[in-house]
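This note sets out some points on the structure for a reader who is new to such work. Please keep the sequence and the model in view while reading.

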Amino acid sequence: MRLLHIADLHIGKRVCEFSMLGDQRHVLAQVVALLREREVDALLVAGDLYDKAQPSSEAVALVDWFLSEVEATGVPAVVIPGNHDSAERVAYAGTLLARQGIHVAPVYDGSIEPVELEDVWGPVRIWPVPFLRPATVRHFFPDEEIATYTDAMRVALEACGACGEGAGACRNVAVVHQFVTAGGVEPERSDSEVSVGGLDNVDAGVLSTFDYVALGHVHRPQRVGRPAVRYAGSILKYSFSEARDTKSATLVELGAPGEEPAVELVPLEPLHDLRSIRGPLAELVAPEVVGAADSDDYLHVVLTDEGPAIDAMARLRALYPNVMGVEYDNARTRAAGLQAGEAAPEDGEALPLELFGEFFERQNGRPLSEAQEGTVIDELERAGVR
């Protein structure tokens, strides 16, 4: 059985105030083409369909177009909400969509129902696990000890029979949107995941009975521990820390029961690449430099001129229309302690959790405890704040 695994679409996202909708449609069309060209048996979408819990009408229209195109291929899809999504909005019309082969995870109610498929080796159960918080799972299982995100995942999976005794009777695939770590080792992150990690980690050990785990939440494609637990990564570069990354869809071949699945990363070609260029202004606007790559790419420009360049942005955008930002790296900025290209949120401001922590400490004379920080993370994610 062939599964195509994607995640972190973030439809409606803006990067440095540039809308990504056209770029997202371009890449999603490639995903639809792969379903046909690679004879895929099921599409797995591991969360964060949207960039916001209340997406724009244009973002909703694009997701509607994408799912309609998937349905037209005849390939079933299993879709879960992520922490950026409203689970209620994503699940809208889920029963109707399921009749068309688009299986959207319902709002979590203490149970998880698998999507049943079959190939020459027998049944395959695909478990759509929506983004889970300890408080959410604790509500349905008040007698269980649920202190961490790992506890919440373990209880939720055991309650529906997705792991534990008898789980190996057929092949099982989990579609999960969480921050998964293996033995305390965290996956590699990028600046576009500013609120990922910390107390919200789920240990990969609770997913050990699954033949493949299709992860979403982290934007770089990578394995977590064993090869069959993988992040697909985001479909586009959403920060300049990802400029050297190659975005891809993960093609998974499930073999006979007990066999390790084969994994292939199929590159996704962006409409506009996102990259950085560096040098003095006069050099960057020279015809030979402008013509060396696609001038319509999204650009982060680092100017090395020692003095401020007059009308730098206007001159750059006359040749590179999609310049997203300009900064200087010279003796003056280095003396001020500013390093060009430092990892930071795109707007250069402190993260919401950091801001709240500073406010709390000023008001109370002590920092947040681990339990308090976990509560703040839960509430920020519930509000769709990164």
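Predicted model: local features only at pLDDT ≥ 70, side-chain atom pairs only at ≥ 80, totals over all residues.

1. The tryptophan W121. Leaving aside neighbours within four places in sequence, W121 is in contact with R171, L254, G255, A256 and P257. W121 itself is found in the loop between β7 (115–119) and β8 (122–129). Its relative accessible area is 46%, so W121 counts as partly exposed.

2. The chain as a whole. The secondary structure comprises twelve helices and 19 strands. The chain has 386 residues, of which 50% count as buried. Among contacts with a separation of 6 or more, 69% are between residues 24 or more positions apart.

3. The histidine H5. Is H5 buried or exposed? H5 is buried, because its relative accessibility is 0% and the cut-off for a buried residue is under 20%. H5 has its place in strand β1, which covers residues 2–6. Its side chain makes a polar contact with the side chain of Y212, at 2.9 Å. Beyond its neighbours within four places in sequence, H5 is in contact with a number of residues, including L44, A46, A214, R230, Y231 and T250.

4. The asparagine N172. This residue belongs to strand β9 (residues 171–177). N172 has a relative accessibility of 0% and therefore counts as buried. What does the side chain of N172 make a polar contact with? The partner is the side chain of R125, at 3.0 Å.

5. Helix α6. Eight of the eleven residues of this helix (residues 149–159) are buried, so α6 is largely enclosed by the rest of the structure. The buried residues are Y149, T150, D151, A152, M153, V155, A156 and L157. At the N-terminal end, T148 caps the helix: one of its side-chain oxygens lies 3.4 Å from the backbone nitrogen of T150. After α6 comes G161, which has a positive phi, near 80 degrees.

6. Cysteines. A disulfide is a covalent bond between the sulfur atoms of two cysteines. How many disulfides does a search of the whole structure find? The search finds zero. Two cysteines may be looked at in turn. C16 counts as partly exposed because its relative accessibility is 27%. C160 has a relative accessible area of 19%, so this residue is buried; the cut-off is under 20%.

7. Rolling a probe the size of a water molecule over the atoms shows where empty space is left. The structure contains three cavities of 30 Å³ or more. The second largest cavity holds about 40 Å³ of space. Which residues line the second largest cavity? They are L9, V45, L49, V63, F66, L67 and V79. Helix α2 (residues 57–73) gives the most to this lining, with three residues. By class, the lining of the second largest cavity has seven nonpolar residues, with no polar and no charged ones.

Terms used: Residues numbered from 1 in each chain as written. Heavy atoms only, no water. Helix = DSSP H or I, 4+ residues; strand = E, 2+ residues; numbered from the N terminus. Buried < 20%, exposed > 50% of the residue type's maximum accessible area, 1.4 Å probe, protein only. Polar contact = N/O pair within 3.5 Å; in protein donor to acceptor, adjacent residues only side chain to side chain. Contact = heavy atoms within 4.5 Å. Disulfide = S-S within 2.5 Å. 1 Å grid on protein atoms, 1.4 Å probe; cavity = no way out; pocket = protein on both sides within 12 Å on 5 of 7 lines; lining within 4 Å. Points joined across faces, edges and corners; volume = space filled by probe spheres on them. Nonpolar A, V, L, I, M, F, W, Y, C, P; charged D, E, K, R; others polar.
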